[in-house]
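Visitor: Could you walk me through this model and tell me what stands behind the terms?
Guide: Gladly; here it is.

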Amino acid sequence: MFYHQKNTCYETHTRMVVGTNCIEQLPEEIKACGGEKILIVSDPNVSKTEFYANCIDYVKKSGCPYLVWNEAEEEAPLRNVDTVCGILLKNACNLMIAVGGGSVIDICKLAGVLATNGGKGPDWAGYEKYSIPPMTLFTIPTTAGTSAEVTNMAVVHDEEKNVKFTVGHRILGAAKVTFLDGNSIESCPRGQIACCGIDALSHSFESYIALNANPITEALSLSGVRLISRNLWAVYGNSSNRQSALDLIVGSAMGGLAFNNTGCGNMHCIGRHVGPQLHINHGLSIALVMPSVAKFNFPAQMEKYRRIAEAMDLDVRGVPLADVGEIVVNGLKKLISDVGITVKMSDFKPSVEDFEKIAQDSYTQYQKFYHYRNPVKMTFKDYMMILEDCCK
């Protein structure tokens, strides 16, 4: 295999506890990290579930005093970060446990940075901007999608400016421990399972074809594609299927472990701007752009698309390499439709001005970061073309 970058690397800084009922190890992990006072953060829906109640029971068994804040909102708004940081400082907590999806986890990640480094969220936008280790964080994902439980960055929504920004740190940004438990998504709404699962698939897909992929990230990415594409529909149909749920959660984490090193490509470069502009959630934004971006990128990574097709159980035996891209794109469209995502970009009635802003913001981000990730060189017109194709 040819690698575009002569020297590559792989690293992760999160301990992963994996298995159905693995949250029973919470007391042991809390004691091992020196937990003295805990803040448990969740959202109004997750906090009503049996799984959340079980998490609380295991925290109690640790003997460590704890507080709860269960008001996290979707898309990780900056005001939630400020609230959580205030609770941490006021109550002298030294450990956070995030029980929820990517928004809950990202809120905690940035709140932990502010609690130890001070300042406001946008002060730390970018990478390697802070130097003091943030508050210790445990993550217990209740969706299989964002992979925030294992990545070293937080993506937060600044609603005043209507933009999302990233705060990341290669060594300090990741959670200390994560628990990948097959029971965690049993109460997850079907629509959320669908959108999060497609987001998870995009992480593995994009990290696999990234210009800076390496043998280790490729192994994780391809396994992620396989586990997610083979289990998403099953979990969408029955979230009580514990083995499929665990496989889906592990597949999602694999994608995160891969793109944590490679970064993502145009699905995310565009999707992160589609959401705020059209007022839709991140997972749906990714689903809307995924097939069109996959079609656009195919000529640059044809052989890798054949391997993706095989991982997705798409029959490409004897198919000319030039025709594999269409099979993969149609396979993505079918999976997206099978999990109930049938809307198109045009259903949100984007204006020409909307597309021009999304395209310009995407191209600006491409010039800063995505030029060394996405396999195809991009122009502003390319982004406009992809957005127009998303409406077909």
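Guide: About 370 Å³ of space lies in the second largest pocket. This is a predicted model, in which local features need pLDDT of at least 70 and side-chain atom pairs count only at pLDDT 80 or more, while totals for chains, interfaces and linings use all residues. Residues are numbered from 1 along each chain as its sequence is written, and side-chain values use heavy atoms, with hydrogens and water left out.

Visitor: What makes a space a pocket, and what does its volume stand for?
Guide: On a 1 Å grid over the protein atoms alone, a pocket is an open set of points with protein on both sides within 12 Å along at least five of seven lines, whereas in a cavity a 1.4 Å probe fits but cannot get out. Grid points are joined across faces, edges and corners, and the volume is the space filled by probe spheres set on the points.

Visitor: Which residues line the second largest pocket nearest its centre?
Guide: The lining has 17 residues, and Pro291, Lys333, Lys344, Cys390 and Lys392 lie nearest the centre; a lining residue has an atom within 4 Å of a point. Two or more residues each come from α9 (282–297), α11 (321–338) and α13 (380–390), with α9 giving the most, five. Helices here are DSSP runs of H or I with at least four residues, strands are runs of E with at least two, and both are numbered from the N terminus.

Visitor: How does that lining divide by residue class?
Guide: Into nine nonpolar, three polar and five charged residues. Ala, Val, Leu, Ile, Met, Phe, Trp, Tyr, Cys and Pro count as nonpolar, Asp, Glu, Lys and Arg as charged, and the others, Gly among them, as polar.

Visitor: Why are α6 and α10 called oblique to each other?
Guide: Helix α6 (residues 215–237) and helix α10 (residues 302–311) pack at about 40°, with axes 8 Å apart. Angles under 35 degrees count as roughly parallel, over 145 as roughly antiparallel, 65 to 115 as roughly perpendicular and the rest as oblique, and α6 and α10 are therefore oblique. Axes are lines fitted to C-alpha atoms, for helices over the stretch in contact, and angles run from 0 to 180 degrees between N-to-C directions.

Visitor: Which residues of α6 and α10 make the contact?
Guide: Among them are Leu222 and Val225 of α6, and Arg307 and Ile308 of α10; contact means heavy atoms within 4.5 Å. The contact divides into four nonpolar, one polar and six charged residues.

Visitor: How do you know that β2 and β3 pair?
Guide: Two strands pair if DSSP finds at least two bridges between them, and four bridges join β2 (residues 38–41) to β3, running parallel.
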